[in-house]
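Please read this short report alongside the model. It covers a sheet, a helix and a loop residue.

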Amino acid sequence: MTITRRAFITAAAGMAAASAFPFGEAFAAAPEKKNIKIAVGGQQLVYYLPLTIADRLGYFRDEGLNVSVIDFQGGSKSLQAVVGGSADICSGAFEHTVIMQTRGQRMQAFVLQGRAPQCVFAANLHTMKNFRSAKELKGKRIGVTAPGSSSQIMANYCLKAAGIKPNEVSIIGIGSSSGAIAAIRSGQVDAFVQLDPVISMLMEKKEIAIIADTRKVAESDRLYGGPMVAGCLYAPESFIRKNPNTIQAITNAMVRADKWIAKATPEQVVKVVPSSYFMGDKKLYIQSFLSNRPALSRDGLIPAKAPEVAKHALSTVNPQIERARLDLEATYTNRFAAEANKRYR
């Protein structure tokens, strides 16, 4: 059989294109929806670093997607964006999938960013100079990133362990960046839950006393009695069913980012993230990254016990969740992350 010059060139080009995609990715089905909006609450946090890496290194684009990341002040507001239809997917705390099921709205997590919450509960030494115990926080002002967010859940959980009921403190939303630092230093709150880089900045100046630190996986597992996973991407079940190829493409990009972070040097990370993330101190951002990296997911897979642990943690502050009959297995799927791990090793 004679092969024409044009056929030969076409075939060669096809082989070259295929070789550019590892593990047969070139033959993946095209995304049903290419233009995607992802809502996130405080993207500058190390908590959401995989999302930033996937976006800025072009991993979403490599998967044939045009992703817009919409940043909000706190996880509860980013969740509201998805519920309201102004965003397709939420980059937020895993426990929101459990909460939403109690409200009759089924959300499903499909790729993990954080193996542990990375939240730190601390006393503000500007207002509590002689702080000794969390029991002293009764009647005090507790800062969270936003009311209803995972930071408030951790605060309530730790306060309950100290014998303090949620209605025995005042919850104040202080954001998660420079505004939070200003609120703490000006004495607007007596204790708070925050993430890095805020925590590292305050620790350097010895302005806080740490009560609980879930940047450490072992400490988080002890506090919650198992894997209390953190940041993930989740979406309405209906959206995932209608757009499985899109979800797979997004998951591919996120798992690729998880693996990049696990191997990257701090210098590589600071070259990728926006300089605004440093909050004026690059060295402290690097320290924040190193402190949190052990708690970031390396493969995007969600532990099987995570939904049960999340439900238990939530029930300590909301007894109705403990009594609720939930389909915990429906709160997550590892189908897409497992496939992505075959492509990116």
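## The sheet

Strand 5 (residues 120-124) and strand 9 run antiparallel and are joined by 5 bridges. Two strands count as paired if DSSP finds at least two bridges between them. Strands (E, at least two residues) and helices (H or I, at least four) are DSSP runs, numbered from the N terminus.

The model is predicted: local features need pLDDT of at least 70 and side-chain atom pairs count only at pLDDT 80 or more, while totals for chains, interfaces and linings use all residues. Residues are numbered from 1 along each chain as its sequence is written, and side-chain values use heavy atoms, with hydrogens and water left out.

The open sheet has 5 strands in the order 7-6-8-5-9, with mixed pairing. Strand 7 (170-173) and strand 9 (208-213) are at the edges with a single partner strand each, so one side of each has no neighbour in the sheet.

## Helix 4

Helix 4 covers residues 75-84, and its buried residues are Gly75, Ser76, Ser78, Leu79, Ala81 and Val82. Buried means under 20% relative accessible area, exposed over 50%, and partly exposed in between (1.4 Å probe, protein chains only). The buried residues of helix 4 pack against several elements, including strand 1 (35-41) and helix 5 (95-102); contact means heavy atoms within 4.5 Å. Glycine 85 follows helix 4 and has a positive phi, near 90°.

## Leucine 301

Leucine 301 sits in the loop between helix 13 (282-292) and helix 14 (306-315). Leucine 301 is partly exposed, at 29% relative accessible area. Leaving aside residues up to four places away in sequence, leucine 301 touches Leu112, Asn334, Ala337, Ala338 and Asn341.
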